[in-house]
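Here is a short briefing on one protein chain. Look over the sequence and the coordinates before reading on.

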Amino acid sequence: MTVALGGTVTLTIDATGVPSPTYEWSKDGSQVEITTAPRLTIEKARTRDAGDYAVIVSNDFGTAMSLTAHLSVQ
């Protein structure tokens with residue numbers, strides 16, 4: 001996906017569970033944010049925001065990792 005320099009982009013994952021899962025977002029293998037929301041919003045995108053994003057979804061019953069999404073900033 002591509003976002004304009006200074007623009008906003010939201011990455012989302014469709015995952016549900018009981019109990020509600022947590023989401024650990026990463027960029028290029030480094031943790032970006034841990035949240036209870038299935039989305040990561042990047043506002044005022046800069047060139048350093050470009051990269052490969054993924055999310056680990058976890059609850060008491062297990063963990064799953066998403067496919068990687070590549071973000072370009074132009």
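What percentage of the 74 residues of the chain count as buried? The figure is 30%, with buried taken as under 20% relative accessible area. Keep in mind that this is a predicted model.

**Fold**
- The chain has eight strands and zero helices.
- The C-alpha trace spans about 40 × 20 × 15 Å along its principal axes.
- In a regular strand, side chains alternate between the two faces of the sheet.

- Strand β6 covers residues 51–59, and strand β7 covers residues 62–65.
- The two strands run antiparallel.
- Four bridges join them.
- β6 and β7 form a hairpin, with two residues between the strands.
- N59 has G62 as its bridge partner in β7.

**Contacts**
- Take the contacts in the chain between residues at least 6 apart in sequence: 55% of these join residues at least 24 apart.

**Surface and charge**
- The chain exposes about 4,800 Å².
- The charged side chains number 5 positive and 8 negative.
- The centres of the positive and negative sets lie 11 Å apart.

Technical notes: Residues numbered from 1 in each chain as written. Predicted model: local features only at pLDDT ≥ 70, side-chain atom pairs only at ≥ 80, totals over all residues. Heavy atoms only, no water. Pairing = 2+ DSSP bridges. Buried < 20%, exposed > 50% of the residue type's maximum accessible area, 1.4 Å probe, protein only. Contact = heavy atoms within 4.5 Å. Areas by Shrake-Rupley, 256 points an atom, 1.4 Å probe, with all protein chains shown as cover. Lys, Arg positive; Asp, Glu negative; His and termini not counted. Charge placed at Lys NZ, Arg CZ, Asp CG, Glu CD.
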